[in-house]
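Keep it brief, and give the cut-offs.

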Amino acid sequence: MLKRWPSLWCAAFCGWAWAAAAITVQDDRLQNIEITRPPQRVVSLLPSLTETVCALGACQRLVGVDRYSNWPARVQALPRMGGGIDPHIEAIVAARPDLVLLAGSTRGIERLKGLGLTVLQLEPRTHADAQRVLHTVAAALGVPRSESERVWREIDAGVDAAAQTLSPAARKQRVYVEVSPVPHGASESSFIGETLQRLGVGNILPAAMGPFPQVNPEFVVRAQPDAILIGDSSRQSLVQRPGWLQMRALREDRLCAFTSAEADMVVRAGPRMAEGAQLIAQCLNRVAALPPKAQP
């Protein structure tokens, strides 16, 4: 009987310890998700969530990511689990994750839940969302709240620092930010729009359009933005849009065409929002300093 004490003690006490460690977090649908112990095998199907895990010092827990997650560099060697519209369910299950992080729009969520996986749906669209998601992921991972608060303070201070670099001329601009070539733009209610507001820059897309609305190209022509911010891959398509060649922003090359790596920082609501704000500020300072061109 004495030889069985250790196992009996652990059966009682260890079970109590696990229960004491259990926490409940809320997803984007305000559903309570119970996590019985800090997860050690995590799959992330959204780049901003992947970056959040790593910013919290838990990169080593990732066992799979979506095809677009590429930062920090160490995640590039991880198995790819598809994307939001085509998650590889079998590969995800085979990875034996104790937590799956994904956007609410990801397909196959109910199937993953039905297979017994713990799924946490999070998709930041505003600065407040990004802060909340950071704290929620930290709680789910068992990372102290003080650490997620430290990370957020650094992000927030970085955006403020970027704002301090804008010239008076740059602050007078009204801009159009395109986040995909459909085209979809970033309105005042998106995290990019909030960044522009903190930089002191105008946005031609009002909040009423929703965070990332599909935009009629003619709307942009009528709005006549002082500067256009896009991904470099979309640059050539702009000249094919009706009326766009007549816009001053294109005639005078008042264009911020970000590389793929730069665009990732600009369009992801996560730990690198401050770097994205710095890229926007640098480009708008350059554009504001351009001399006006004479009409042909």
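Which residue does a disulfide join to C54? The partner is C59, with an S to S distance of 1.9 Å.

## Basis

This is a predicted model, in which local features need pLDDT of at least 70, side-chain atom pairs count only at pLDDT 80 or more, and totals for chains, interfaces and linings use all residues. Residues are numbered from 1 along each chain as its sequence is written, and side-chain values use heavy atoms, with hydrogens and water left out.

## Disulfides

A disulfide is a covalent bond between the sulfur atoms of two cysteines. Here the criterion is a pair of cysteine sulfur atoms within 2.5 Å. By this rule there are two disulfides.

Take the link of C54 and C59. The torsion about its S-S bond is about 60°, so this disulfide is right-handed. C54 and C59 are both buried (buried means under 20% relative accessible area, exposed over 50%, partly exposed in between, with a 1.4 Å probe and protein chains only).

A disulfide also joins C256 to C283, at 1.8 Å from S to S. This link is left-handed, with -105° about the S-S bond. C256 lies in strand β11 (residues 255-258) and C283 in helix α13, so the pair ties together parts that are 27 residues apart in sequence. Helices (H or I, at least four residues) and strands (E, at least two) are DSSP runs, numbered from the N terminus. C256 is buried, as is C283.

## Helix α13

Helix α13 has 16 residues. From its first C-alpha to its last it reaches 22 Å, close to the 22 Å expected at 1.5 Å a residue. The expected span is 1.5 Å times one less than the number of residues. Buried residues in α13 include M273, A277, I280, C283 and V287.

Q278 also lies in α13, which covers residues 273-288. Is Q278 buried or partly exposed? Q278 is partly exposed, at a relative accessible area of 34%. Leaving out residues up to four places away in sequence, Q278 touches G158 and A162 (contact means heavy atoms within 4.5 Å). Q240 is 38 residues from Q278 along the chain, and their C-alpha atoms are separated by 30 Å.

## Aromatic pairs

How many aromatic pairs does the structure hold? The count is two. Rings of Phe, Tyr and Trp (its six-membered ring) pair if their centres lie within 6.5 Å; planes under 30 degrees apart count as stacked, over 60 as edge-to-face and the rest as tilted.

Y176 and W244 form an edge-to-face pair, 6.1 Å centre to centre with 80° between the planes. Y176 lies in strand β7 (residues 174-180), and W244 in the loop between α10 (235-238) and α11 (248-251), so the pair ties together parts that are 68 residues apart in sequence. Y176 is buried, at 0% relative accessible area. W244 is buried too, with a value of 0%.

F191 and F212 also pair edge-to-face, at 6.2 Å centre to centre and 65° between the planes. F191 lies in helix α8 (residues 191-199), and F212 in the loop between β9 (202-203) and α9 (217-223), so the pair ties together parts that are 21 residues apart in sequence. F191 counts as buried at 4% relative accessibility. F212 counts as partly exposed at 24%.

## Charge over a ring

R241 lies over the face of W244, at 4.7 Å from the ring centre. The rule asks for NZ of Lys or CZ of Arg within 6 Å of the ring centre and within 35 degrees of the ring normal.
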